[in-house]
Amino acid sequence: MFGFHYRLERRTIGFVLAVMVVSSIGGFVEIAPLFTIDETVEDAPDMRMYTPLELAGRNIYIREGCYACHSQMIRTLRDEVERYGPYSLAVESKYDHPMLWGSKRTGPDLARIGGKYSDAWQVAHLMDPRAVVPVSVMPAYTWLGRTALRIDDLGLHLTAMRRVGVPYSDDMIANASADAYGQATPDGDRAAGVVERYGDATHVRSFDGDPSRVTEMDAIVAYLQILGQLTDAAGKQEAVTTGNGQ
Amino acid sequence: MASLLTKNERQLALGISILLALVGLAMAGAGDDRAYAAHGILIMVFGVGTAFLTISGYHAPEPPEGRLAQYYDDPSKVGIVLAMGWAVFGMFIGDWVAWLLAYPEMTFDAAWSSFGRLRPVHTTGVIFGFGGNALIATSFHVMQRTSRARMPDQLSPWFVLLGYNLFCILAVSGYFMGLTQSKEYAEPEWYADIWLVIVWVTYLVLYLRTLARRQEPHIYVANWYYLAFILVVAVLHIVNNLAMPISLTQAKSYSAFAGVQDAMTQWWYGHNAVAFFLTAGFLGMLYYYLPKRAGRPIYSYRMSILGFWGITFFYMWAGSHHLHYTALPQWVQTLGMTFSVMLLVPSWLAAANALLTLNGAWHKVRDDATLRFMMVAALFYGLSTFEGSFMAIRPVNSLSHYTDWTVGHVHAGALGWVALITFGSIYAVVPWLWKRQGMYSAKLVEAHFWLALVGTLIYVFAMWNSGIIQGLMWRTYNESGTLAYSFIDSLIAMHPYYVARAIGGLFFLIGAVIGSYNIWMTVRATREDSREPIADRPVPAVARDRALQSGE
């Protein structure tokens, strides 16, 4: 073995090829089957996609680096399930390009934060976290409330998402900007189209409390309120495993 | 600088600079979002700057032939200065965000200065800015010495070094403006990623061309590690950054993968960025500078081989231990845990090989802070690889994951191992490169050593405490069978440790500032050491031909 190596280390290209082969095996064995084994991701026929407004909110969540302190992945541990809700399933992030499972909980997990607090609480918390949670170490995000949301290019966002595999329809792409506006303007004439395209469960309301304009605050709160609500697959799974569903 | 390039190289450098400036101009002109356009302007300014640098020496006479009888070290010198600049910048931001966790109001009411944007500035600044520049600078130095050959040309090392720094600047300025892919340690957007691929391929080709010119029959161990670093980082970078931009005139892109596949790809990348950027590359440093400084040969050739191939093979399986108990299929988690535990063997082989090399030179470790930097780095390498294998065991991970224990583990490796081996190597190489008798002040090296060591220990102990307390509080039940502590309770318990951690980080930062001053004063000193070791030269061309005829 050492004799072989004694010869190998005299050849540059041979050595390079050896490193490439030896280093490729692990990743190949662990990653490739995740795309081919069907059981990797559960079926969830009720799974819906992010609306353009929620997607814009998700991009703000990414932009501000929220994932550095908040996970979106409840592990299969008793205390986590009791603290945050049913453990996360793979299917729940199947439209997440990229995933935001996170690696650190400086703040709590957000996988099922949707619906736990009112819009007004979320807005107040983002504007000044210590006004509602006195010992919080979260930064204030005051600029979200005063910045208008860019919605004119949301069609491009949906198109790119479709190219990587999210089944947005032509109709959704064509109306992306109008739907973002409509979802945050409940009394306007574009609100009906959002429900028509994304389903009755879609939240249509002024998330930041000011229906006269669509801000980045509207988008981020719309996103936070949908976390854990895109499918009921995890709730059903829990009902089966605990017997509560019978 | 440009006057030392040949005329052909000057023309090429000017061409590349102008091309870069034009690309920047196009991005700035066509850019459909402000951050993207700002990056266009930045690229254009960078291209104009390198064009001016080239023009300043454009009409100088051809460089003297005598240069070919010496190693080409100018890029290494500039790389070391850049590395120290990034170190101070990245560690300053790091300490700032550490204070923010204790006192969240210590910032401005502006988006760029919020924790979420500063945090990747810190990680990129220290990993890629400080670590990357140090790796590039030392790899140029080591590959020439161990091959006893000069670099094949003088332009590509500059392209690699300056191009790499352009990538780092794009990355960091992007975070301030809110540009990020959110993939940890792979945050820069698609155009910066493409630029890095171009730079990185040039780096690989330069390395291979230099090795091809070597006058030593064998490729030395340090080069195995540097090569693995360059090769594997290229693969990791390309796969993990596959993404669909929304438009060629906007920065935003969507990852090609989603959900569980994206998570696995990301942590395959993330863990092997630790393995091949923060471990392999720095083991390359260790395997050259430690024996040189100690004046002892590497303890064991066989341990070197086993350590190298073990690390290259096992590490690539270990990434899934970042995803224990998640929605990742359990078979992948089990593989990740198993290989992470096995990884301890090659890791400790490498650490033991380094420490045993010091046998017979321990009196030097006592007297010489530079060698002591390297010795303590090897110790921390052994410590943090043990800790890493331990934390990869599923039940341990159930406690440690998502807590500050992970942060403490990373910093035991990043401060104790990566930064200490880098400082040690830089203190060794600076006097050699600038031909000085020694560093400007040995006492300041000594002061830096103790500041760095004490800072690391404070940091790591604070995070061990806070992480384990946090993990235990989250899972503690009271007698009635409900969770005993709210999340906020655990946050309040963290406060003293967050203050301690920020103080430890401050020690480390002050050490880096002192080190930068010491290096700067060494460079500025006018007194050259005339006793240049005669062996520190490439094998001349005539001898090389003879050597080739003799069959090597």
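The side chain of A:Gln183 is in polar contact with the side chain of A:Thr51, at 2.6 Å. This comes from a predicted model. A:Gln183 belongs to helix H10 of chain A. A polar atom of the A:Gln183 side chain also lies 2.9 Å from the backbone oxygen of A:His203.

Is A:Gln183 buried or exposed? A:Gln183 has a relative accessible area of 0%, so it counts as buried, the limit for that label being under 20%. Apart from neighbours within four places in sequence, the residues in contact with A:Gln183 are A:Thr51, A:Leu53, A:Glu54, A:Val194, A:Thr202, A:His203, A:Val204, A:Arg205 and A:Phe207.

## Helix H8 of chain A

Helix H8 of chain A spans 154-163. Its buried residues are A:Leu154, A:Gly155, A:His157, A:Leu158, A:Ala160 and A:Met161.

After H8(A) comes A:Gly165, which has a positive phi near 115°.

## Where the two chains meet

How many residues does each chain bring to the contact? Chain A brings 86 residues and chain B brings 97 residues. About 8,000 Å² is buried between chain A and chain B, with carbon and sulfur atoms giving 66% of that area.

Five salt bridges are counted between the two chains. One of them links B:Asp32 to A:Arg150, where the closest N and O atoms are 3.1 Å apart. There are also 35 residue pairs in polar contact across the interface of chain A and chain B, with both residues at pLDDT 80 or more. On the side of chain A that touches chain B, at least two residues each come from helix H1 (2-8), helix H2 (12-36), helix H3 (52-63), helix H4 (78-84), helix H7 (142-146) and helix H8 (154-163). H2(A) gives the largest share of that side, with 17 residues.

## Aromatic pairs and a cluster

Over all chains, the structure has 52 aromatic pairs. One of them is formed by B:Phe390 and B:Trp405, whose ring centres are 6.4 Å apart and whose planes make an angle of 55°, a tilted arrangement. B:Phe390 sits in helix H13 (residues 369-391) of chain B and B:Trp405 in helix H15 (residues 404-434) of chain B, so this pair ties together parts 15 residues apart in sequence. B:Phe390 is partly exposed, at 36% relative accessible area, whereas B:Trp405 is buried, at 9% relative accessibility.

A further pair joins B:Tyr440 and B:Tyr517 edge-to-face, with 6.1 Å from centre to centre and 85° between the planes. Which parts of chain B does this pair tie together? B:Tyr440 is in the loop between H15 and helix H16 (442-475), and B:Tyr517 is in helix H17 (residues 487-524), so the parts tied together are 77 residues apart in sequence. B:Tyr440 is partly exposed at 43% relative accessibility, and B:Tyr517 is partly exposed with a relative accessible area of 43%. Elsewhere in chain B, one aromatic cluster is made up of B:Phe128, B:Phe140, B:Tyr164, B:Phe167, B:Trp200, B:Tyr203, B:Phe229 and B:Phe277.

## Charges over rings

Two contacts in chain B place a charged side chain over a ring. The charged end of B:Lys292 is found over the ring of B:Trp432, 5.8 Å from the ring centre. B:Arg372 lies over the face of B:Phe449, 4.9 Å from the centre of that ring.

## Backbone exceptions

Most residues other than glycine have a negative phi, and most peptide bonds are trans. The peptide bond between A:His97 and A:Pro98 is cis, with omega about -5°. A:Pro98 is in the loop between H4 and helix H5 (119-127) of chain A.

In chain B, B:Tyr185 is not a glycine but has a positive phi of about 70°. Its place is in the loop between helix H5 (156-177) and helix H6 (190-212) of chain B, and B:Tyr185 is buried at 19% relative accessibility. B:Lys435 is likewise not a glycine and has a positive phi of about 55°. B:Lys435 lies in the loop between H15 and H16 of chain B and is partly exposed at 25% relative accessibility.

Key:
Residues numbered from 1 in each chain as written. Chains lettered and ligands numbered in written order. Heavy atoms only, no water. Phe/Tyr/Trp six-rings, centres within 6.5 Å; stacked < 30°, edge-to-face > 60°. Helix = DSSP H or I, 4+ residues; strand = E, 2+ residues; numbered from the N terminus. Buried < 20%, exposed > 50% of the residue type's maximum accessible area, 1.4 Å probe, protein only. Lys NZ or Arg CZ within 6 Å of the ring centre and 35° of its normal. Contact = heavy atoms within 4.5 Å. Buried area = accessible area lost by both parts, 1.4 Å probe. Salt bridge = Lys/Arg side-chain N within 4 Å of Asp/Glu carboxyl O. Polar contact = N/O pair within 3.5 Å; in protein donor to acceptor, adjacent residues only side chain to side chain.
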